[in-house]
Every structure is written in structure tokens, then in C-alpha cells.
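Please consult the display below before reading the notes.

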Amino acid sequence: MPAVHRPELSVVVASHDRPLRLRWLLNALAEQTLAAERWEVVVCHDSRGAETDALLAGHPLAEAGVLRWRAFEPGRAAASPKRNAGVAMARAPTVVFTDDDCRPPTGWLSAVADAVAAHPGAVIQGPMAPDPDEATMLRAPFPRTVAFDDVPRVWAESCNIAYPTELLRELGPFAEDLHVGEDTDLALRARQAGAPFVGDRRMLSYHAVEEGMPWDRVAQARRWEDMALLLARQPSLRRALYLRVFWKREHALLLAAVAGMALGGRGRRSLAPLAALPWALARPDHGGGVRGRARQLAALPVWALSDLAETAVLARASVRRRTLIL
């Protein structure tokens with residue numbers, strides 16, 4: 001598509017089979033208070049079917065010359081190749097990454113522009129909160145969202161982060177052999193190259209809240225095996241691990257609970273389940289009252305299977321990569 005202006009910010013989005021979520025993101029961008037001539041959107045997707053292409057072609061942002069896109073072979077591209085393609089297409093001096101399941105408030109891009117002006121040459125991360133329109137879903141048994149306020153974070157999640165475009169091209173692309181943690185790896189390489197890494201809470205954005213299925217928690221554990229490769233490649237990341245070994249605090253608490261129940265003496269068998277209490281209290285809160293507590297208890301077996309599956313995947317990957325992470 002022809003270039004109609006030279007923007008200050010290029011919003012890069014990697015998308016996969018979420019046409020409705022992508023529409024909501026584009027609608028939220030269309031409502032930004034920052035003047036449209038100051039930014040653009042680049043969407044790279046590998047969605048199946050024609051719905052995503054039809055959305056991109058017919059969206060008002062495309063008609064205004066603000067939206068450009070590239071389609072990959074359906075279902076064949078991970079996030080990294082799509083983000084790399086988006087960076088290559090970006091025309092602005094700053095690239096802002098977000099995801100197709102985010103829906104930023106109207107002042108988001110204005111806050112990003114102010115943060116870039118205040119921190120020239122820096123990598124800037126903004127906080128994430130659950131989408132207020134979907135907050136009731138947080139009481140579901142297995143909610144999925146992204147939320148953090150302590151920016152900048154070592155994980156440098158790509159759902160809300162800005163990079164100088166020149167720095168991205170100097171660093172090289174997102175690592176395409178990493179299926180998770182590629183954004184963390186990129187941010188660590190940026191810091192090793194001397195780029196400042198700062199947080200700006202004005203850049204608040206919102207992430208979708210979805211109800212996960214119980215079996216998804218266990219079935220998707222395999223996707224985290226690249227965390228061992230990330231740690232092998234970036235050993236300084238160990239400082240961010242719980243006790244320098246555990247990817248999640250819950251993994252350590254569950255293993256401690258299993259050990260406590262296994263080692264409890266015969267006379268203390270009735271107290272052995274108390275070993276699981278710290279782990280159980282670390283799980284998501286489903287609200288007070290009888291129903292909330294019932295949902296909490298009913299979800300614990302699935303959370304236990306999920307944590308055990310993730311720990312087993314990481315243990316196997318640790319052996320393969322000769323780098324311990326659980």
C-alpha cells in the first residue's frame with residue numbers, strides 16, 4: 001500500500017486467527033487522541049480464512065492510509081517472523097509492539113509519544129491491566145490475561161513496549177528459534193548493547209480476559225520448553241527466577257508441598273495436607289462466599305496438574321539444554 005505520511009510511531013501487531021479481537025484492537029486505535037498523521041499500524045498475520053484480510057482491507061484505518069498489512073501462509077508463522085516483518089515495514093523512528101488481544105485506552109498512543117520524547121533512545125515498557133470490559137471473567141475458574149504494573153520488567157513483554165527503530169535494526173531480528181521468550185531475549189540484547197530500559201506507567205494498556213479450558217492448562221505446558229533455551233542463551237536472566245531456579249513461584253511451592261506430604265511421619269499424616277496450603281493460597285482468587293470458595297477448591301486439581309506438567313517439561317528441557325530451570 002502506498003505511503004501517505006511519515007509517522008512518529010509504528011504500531012506493529014502480530015496476529016493469528018483472532019479477527020474479532022483484531023477488529024477491537026483496530027477500533028481502539030482508531031479512537032486514539034493522538035493525531036492520526038503521527039502514527040501508523042502494521043499488521044502481519046497468518047490467519048486461516050478470508051475474514052482477517054477482509055477486515056484489514058475494509059477497516060477505516062486502511063481507508064485513511066494509516067493501516068498496512070502483510071499476510072503469511074496460513075498457520076505457518078510464529079510470532080517472531082511476523083514481528084520481524086512488521087519492523088521491516090515500519091516507517092516511523094519508533095516501533096510500538098502490541099498484540100491482537102489487547103485493547104488500549106484512548107490516550108495510549110499520546111502517552112507513548114510523550115514517553116518517547118522524555119526518554120530518547122530508550123526501550124520503554126508500559127503496564128498492562130485486564131480489560132475493564134471483561135474484568136468479570138477474572139472470577140472464572142481458569143482465567144487467562146496479562147497484568148503487571150512493575151515496569152520495566154526483565155521479561156519485557158511485547159504486548160506494550162516501544163523500541164527505537166534504528167536500535168531494532170542494529171540488534172537484529174527477534175530470535176525465530178524461540179517460540180516463547182523472544183521478546184525477553186531482544187530486550188536483554190538491547191540492554192547489553194547499552195540502550196536504556198525504562199518503564200512509563202502513563203503507557204497503560206489493556207489485555208483481554210478469556211476463560212481457559214481445564215485441559216488447556218495441561219496440554220499447553222509443552223510450549224514453555226524454550227524457557228531453558230532462553231536461559232542458556234541469556235544466563236543473566238537467572239537472577240529473575242524464584243530462588244534462581246524456578247520459573248514460577250508456584251512450581252517451587254507445589255514441589256515443596258509434594259515433598260512435605262511424602263515425607264510426613266505416620267503420626268503427622270493428618271497435618272501433611274497443610275504443606276499444600278502456601279501453594280493453594282498462591283492460586284487465583286475466585287471471590288469470597290460459598291460459591292467463590294467452592295470454585296477455588298474445584299480448580300486446585302487442575303492447577304496442580306498444570307504446574308506439575310510445566311515443571312516436568314522444564315526439567316526435560318533443562319537436561320537437553322544443560323541449564324536448570326523448573
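The notes that follow describe selected features of this structure, grouped by topic. The model is predicted. The largest nonpolar core has 29 residues, and a second, separate core has 23. Phe 97 belongs to the second core and also to an aromatic cluster with Tyr 163 and Phe 174.

**Nonpolar cores**

- Within the largest nonpolar core, of 29 residues, those with the most contacts are Leu 26, Leu 29, Trp 39 and Val 41.
- At least two residues of this core come from each of strand 1 (9-15), helix 1 (19-30), strand 2 (39-45), helix 2 (51-58), helix 3 (60-63) and helix 5 (108-118).
- Helix 5 provides the largest share of this core, namely 6 residues.

- Strand 4 is mostly covered, with 6 of its 6 residues buried.
- Thr 94, Val 96 and Thr 98 point one way from the strand, while Val 95, Phe 97 and Asp 99 point the other way; all of them are buried.
- Strand 1 pairs with strand 4 in the parallel sense, over 6 bridges; Leu 9 stands opposite Thr 94 of strand 4.
- Strand 8 runs antiparallel to strand 4 and is joined to it by 4 bridges; here Val 96 stands opposite Ala 162 of strand 8.
- Thr 165 lies in helix 6 (residues 165-171) and touches Ala 92, Pro 93, Thr 94 and Val 95, leaving aside residues up to four places away in sequence.
- Thr 165 counts as buried because its relative accessibility is 3%, and buried means under 20%.

**Aromatic pairs and charges over rings**

- The structure holds 3 aromatic pairs.
- In one of these, the rings of Phe 97 and Tyr 163 have centres 6.0 Å apart and planes at 75°, so the pair is edge-to-face.
- Phe 97 lies in strand 4 (residues 94-99) and Tyr 163 in strand 8 (residues 161-164), so this pair ties together parts that are 66 residues apart in sequence.
- Phe 97 is buried at a relative accessible area of 0%, and Tyr 163 likewise counts as buried, at 2% relative accessibility.
- Phe 97 also forms an edge-to-face pair with Phe 174, at 5.3 Å centre to centre and with 80° between the planes.
- This second pairing links distant parts of the chain: Phe 97 is in strand 4, and Phe 174 is in the loop between helix 6 and helix 7 (182-192), 77 residues apart.
- Phe 174 is buried, having a relative accessible area of 3%.
- Phe 97, Tyr 163 and Phe 174 together form one aromatic cluster.
- Arg 83 lies over the face of Phe 174, at 5.7 Å from the ring centre.
- Elsewhere, Arg 70 lies over the face of Phe 72, at 4.2 Å from the ring centre.

**Backbone geometry**

- Most residues other than glycine have a negative phi, and most peptide bonds are trans.
- Val 151 and Pro 152 are joined by a cis peptide bond, with omega about 0°; Pro 152 lies in the loop between strand 7 (143-144) and strand 8.
- Asp 17, a residue other than glycine, has a positive phi near 55°.
- Asp 17 is located in the loop between strand 1 and helix 1 and, at 32% relative accessibility, counts as partly exposed.
- Leu 243, also a residue other than glycine, has a positive phi near 60°.
- Leu 243 is located in the loop between helix 9 (226-233) and helix 10; at 59% relative accessibility, Leu 243 counts as exposed.

**Ala 259 in helix 10**

- Ala 259 is part of helix 10 (residues 249-263) and counts as partly exposed, at 35% relative accessibility.
- From C-alpha to C-alpha, Ala 259 and Ala 276 are 9.7 Å apart in space, with a separation of 17 residues in sequence.

Notes. Residues numbered from 1 in each chain as written. Predicted model: local features only at pLDDT ≥ 70, side-chain atom pairs only at ≥ 80, totals over all residues. Heavy atoms only, no water. Core = buried A, V, L, I, M, F, W, Y, C linked by side-chain atoms within 4.5 Å. Buried < 20%, exposed > 50% of the residue type's maximum accessible area, 1.4 Å probe, protein only. Contact = heavy atoms within 4.5 Å. Phe/Tyr/Trp six-rings, centres within 6.5 Å; stacked < 30°, edge-to-face > 60°. Lys NZ or Arg CZ within 6 Å of the ring centre and 35° of its normal. Pairing = 2+ DSSP bridges.
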